[in-house]
Every structure is written in C-alpha cells, then in structure tokens.
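Dear colleague,

Here is the structure I promised to pass on. Please open it first, then read the notes below.

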Amino acid sequence: MVFNSNAEKIPLLYRAVPGSLKKLSSSGFGTRHWQAILLFLGMMFNYFQRVNISAAIVPMTQSTAGAPSYDWNVSDKSLILSSFFWGYVVSQVPAGLLAKRFGAKLVLGLSTLVGGILCFFHPMAAESGVESVCVLRVITGLVQGSVYPCVHTLLAKWVPRTERGFLTTGIYSGAQFGTAVILVSSGFIFESSMGWPGLFYISGGLNLAWALLFFWQGANEPATSSRISQTEREYIESLTGSNSGSQSMSVPWRSIFTSPAFYGLLAAHCGFTWGFYTLLTEMPTYMSHVLQLDVKSNAFLSSLPYFAMGLLCLVVSPISDLLINRGTITITTARKLFNSIGQWGPMACLIGLGYMTADEKSWAILLLTLAVGINAGCSCGYLINHIDLSPNFAGPMMGVTNGIAGITSIVAPLVVGAILTNEEDPNQWRVVFFITGGVYLLCNTLFVLFGKATIQPWNEPSSMSSTATLRNHLENDSKTIAPTSDKDNRF
C-alpha cells in the first residue's frame with residue numbers, strides 16, 4: 001500500500017472503517033436517505049407555516065374580490081411579521097432539551113401537528129384584529145421553535161461525517177424550497193375562489209399529513225429503526241461521533257458558553273438570520289411598492305430567489321464534501337470559506353440593490369435573486385457547525401444559537417418599520433439594505449476569526465478516556481494522509 005504526501009486526504013476515522021462499510025457511502029438507497037427525504041419534506045411544510053403570512057399580508061391589506069381586507073398600516077404589518085419570532089425565540093432551548101430527553105421524533109411530530117392546526121385559525125384571527133393575529137403568530141412561533149433543534153438532533157444521529165455536507169444541506173434546502181413553493185403558488189391561490197385564506201388552509205392540511213407520515217416512518221436514530229440493515233447501522237454509527245447514550249448526558253453549558261468557537265458560530269447564525277428574514281418578510285412589500293409589480297408577478301418573482309437558493313444548496317454541498325474528503329482543505333477552512341461566500345456575497349448584492357429604481361426592475365430582481373441565492377453557501381458553513389463542534393449536543397446548541405439569532409428576526413422587521421415611513425421611497429429602502437449588508441460583514445468576520453470545526457473536548461463525559469478524546473480530534477483532522485492504491489479507501 002503506497003502513501004504519498006500529495007495524495008488525497010480524508011478524516012482518519014474514515015480510514016479505520018471496514019471497506020465493506022465504506023462502500024455504503026456511494027452505493028444504493030439506504031434508510032438514512034429515506035429519513036433525509038422525510039426531513040426535507042418536514043422542513044418544506046414547516047416553512048409553509050412561517051412564510052404564509054409574509055405572502056398573504058399583501059392581499060390581506062388590499063381590496064380583492066371575494067376575500068376580506070384590512071386597513072393595517074406599516075407598523076401593524078411589521079408587528080404581525082415580527083410576532084412569530086417572539087414565541088420562536090422563547091421555545092428554542094426548551095425544544096432542544098425536550099428533543100434530547102424524549103426523542104426528536106416525538107417533539108418534531110407533535111409540533112408540526114399543532115402548527116398545522118393553528119394554520120386553520122388565521123383567517124378567523126384576522127377578522128378579530130391585529131392583536132389576535134399577533135397572538136396566533138406567537139403561538140405558531142412557539143411550536144415552530146422546535147424544528148431546527150429537533151432536526152439537528154436527528155442529523156447528529158443519522159448523517160455520517162463523510163456525507164454531512166450533502167445530506168444536511170439537502171434536508172435544510174427544504175426550507176428554501178418551501179419558501180419558494182408557497183410564494184410562487186400564493187399568487188394563484190389569491191386569485192382563486194379561496195382567496196388569501198386558502199393559503200392557510202392548504203398549509204395546515206399539508207403539515208397535518210406530514211406529521212402523521214413522520215410518526216409512522218420516522219426514527220430517532222439508527223438503533224431504533226426497524227427498517228435499517230445491520231451493515232448500514234454500523235456504517236452510520238461509526239461515522240457520526242454521537243454517543244448512543246447521549247440522551248442521559250447532561251449538557252455542559254459552562255463549557256459551551258466559554259468556548260470562542262461557539263461565539264463565532266453564534267455570530268454567523270445571527271448574521272444569516274438578520275439578512276435572510278429581512279428579505280423574507282419585506283421582499284413582497286419591496287416588489288409591490290418600489291418595483292410596482294402586481295400580485296401574481298410579485299408572488300412568482302418573490303419565490304425566484306428561494307428556488308435559486310435551494311438549487312445552489314444542492315450544488316455547493318457536494319463540492320464542500322468533495323474538498324473535505326479529498327483533503328484539499330480542512331473542515332474548518334471549508335466552513336469559513338463557504339460561510340463567507342454565503343454572507344459577503346449577498347452583502348455586495350444588497351449594496352447594489354440600494355441604488356435600483358422601478359425603471360431597473362430586471363437588475364433589481366437579479367440582485368435580489370443573487371442576494372438570497374448565494375446564502376446557500378451558509379448551508380455548508382455555520383448551519384452544520386453545531387454538529388462539527390459537538391454531535392452529542394448539537395440539538396441544544398442549535399436551540400441556543402437559533403434562539404438568540406431569532407431575536408434579530410424580531411428586531412429586523414421592527415427596524416425596517418421604523419425606517420420606512422414611505423414604502424415607495426427607494427432611498428429609505430437603501431438604508432435598509434445597507435444596514436443588512438453591514439450586519440453580514442460584521443458577523444461573518446467574527447466567524448472567520450473565532451470559528452472552528454473540530455469536535456470539542458466537552459462533547460464527551462469527563463470520565464471518557466483520553467484515547468477516545470484523541471480519536472475524536474483525529475476524526476476531524478483532514479491533514480492525515482490517506483492511501484491511494486486501495487480502491488476501498490477512496491471516497
């Protein structure tokens with residue numbers, strides 16, 4: 001067996017896995033792929049719950065035949081759009097702990113079921129006034145707060161390290177496809193006999209259907225799946241870095257909150273959330289009032305950036321995995337590189353967008369599409385960094401960072417509402433875009449300075465042997481040399 005310093009480099013632990021198990025990484029359709037499809041659909045339908053109000057709020061405040069309309073001002077709309085995140089922020093950490101204690105399958109399934117039921121009450125709440133809509137959105141945010149911590153908990157159990165970029169990004173791209181689908185279909189629903197209330201009824205029905213399917217087909221981990229083969233189970237468990245007894249392990253909060261790598265991750269998460277949700281909640285309004293697009297055109301073009309982001313997620317993730325598994329770059333370098341593309345690229349687009357007017361619709365739409373689409377780089381950056389740092393506590397960590405980042409989701413629409421005294425003034429929108437670009441710049445810079453992608457010592461109990469801890473660090477070290485003559489050792 002020949003070793004060469006210029007040969008491909010892959011994680012050391014992967015080299016220790018038997019060749020028969022390695023072949024699973026590139027052969028056939030396994031149970032882990034079916035779980036990934038279920039979670040992709042779950043992300044997609046759960047995003048229907050959070051995005052439907054962003055799409056519906058435009059026709060809800062315009063007189064249309066066959067559907068009620070309401071005289072809500074800019075402040076009222078900003079309040080409604082931000083109220084979801086009041087509940088969303090509060091439930092993040094408890095949801096992560098519940099998923100760790102009772103299993104992510106139960107918590108995620110019940111949350112989706114309850115959220116689906118709540119969708120049906122939105123038209124009724126709108127009739128009662130702004131306050132009722134805000135209360136319903138807060139409750140929706142509370143149940144939706146479980147989604148990311150639960151999915152991260154499941155990913156830490158189901159996704160092998162060598163497939164982490166592609167499968168994780170594929171699952172989370174459901175959020176972008178869900179956003180795109182609901183936005184592009186909303187225009188047709190609004191003009192149908194159902195009107196804007198139909199958007200909430202369809203969202204609710206799909207979420208209920210998925211929850212029932214997930215209760216039937218989902219599993220917390222390979223060990224509890226009745227459909228997985230022994231070979232695939234061993235392959236997954238050998239490459240996740242997650243302890244099968246992690247449900248009984250206490251969360252090392254002190255170690256987490258004194259880790260510089262955690263704060264770098266937190267900064268990147270906050271930057272992404274501010275930019276993504278500013279555009280998500282305000283894009284339909286910008287297209288309607290500045291670019292002067294009608295409801296159907298607005299719906300289609302508002303969805304275009306999210307289709308672009310979903311597709312780009314499926315492009316960048318295999319590239320990231322390939323670069324890591326061949327040893328071209330370390331995992332840490334890969335996370336920082338792709339996160340920088342995902343935040344600094346949109347920053348440049350937003351600066352250009354600030355100078356667009358209604359006479360430059362095509363350029364404005366292109367820049368908006370790029371600003372959201374290039375965010376796909378973050379799916380191979382901060383988004384999977386929780387699992388890099390601690391597979392055993394990825395869910396609770398996601399609860400913390402998503403909860404704190406969720407505060408920016410509350411603040412961003414309120415800041416926009418304070419700036420936009422005239423929604424048709426491009427100069428005021430320029431301020432909004434420049435602030436968002438500045439947030440991207442600052443937050444990703446902190447991630448580049450402090451971020452890491454090595455499993456931290458506090459991932460395992462203090463009683464764990466130093467040999468096992470060393471193995472965990474070596475698992476992440478992409479500087480090890482891999483053989484090039486044995487086909488089974490190639491990824």
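My notes start with the whole chain and then turn to single residues.

Please keep in mind that this is a predicted model.

The overall picture comes first. The chain has 20 helices and 0 strands. Of its 491 residues, 60% are buried. Take the contacts between residues at least 6 apart in sequence: 84% of them join residues at least 24 apart.

Next, the surface. A nonpolar patch is formed there by Ile117, Phe120, Phe121, Met124 and Tyr201. Together they have about 470 Å² of accessible area. Ile117 sits in helix α5, which covers residues 104-119. Its relative accessibility is 40%, so Ile117 counts as partly exposed.

Then Lys100. This residue belongs to helix α4, residues 74-102. Lys100 counts as buried because its relative accessibility is 9%, and the cut-off for buried is under 20%.

Last, Ser259. Look for it in the loop between α12 (253-257) and α13 (260-289). Ser259 has 5% relative accessibility and therefore counts as buried. Leaving aside residues up to four places away in sequence, Ser259 touches Gln456 and Trp458.

Best regards

Key: Residues numbered from 1 in each chain as written. Predicted model: local features only at pLDDT ≥ 70, side-chain atom pairs only at ≥ 80, totals over all residues. Heavy atoms only, no water. Patch = residues over 30% accessible without salt bridge, like charges linked within 9 Å, V, L, I, M, F, W, Y side chains within 5 Å. Areas by Shrake-Rupley, 256 points an atom, 1.4 Å probe, with all protein chains shown as cover. Salt bridge = Lys/Arg side-chain N within 4 Å of Asp/Glu carboxyl O. Helix = DSSP H or I, 4+ residues; strand = E, 2+ residues; numbered from the N terminus. Buried < 20%, exposed > 50% of the residue type's maximum accessible area, 1.4 Å probe, protein only. Contact = heavy atoms within 4.5 Å.
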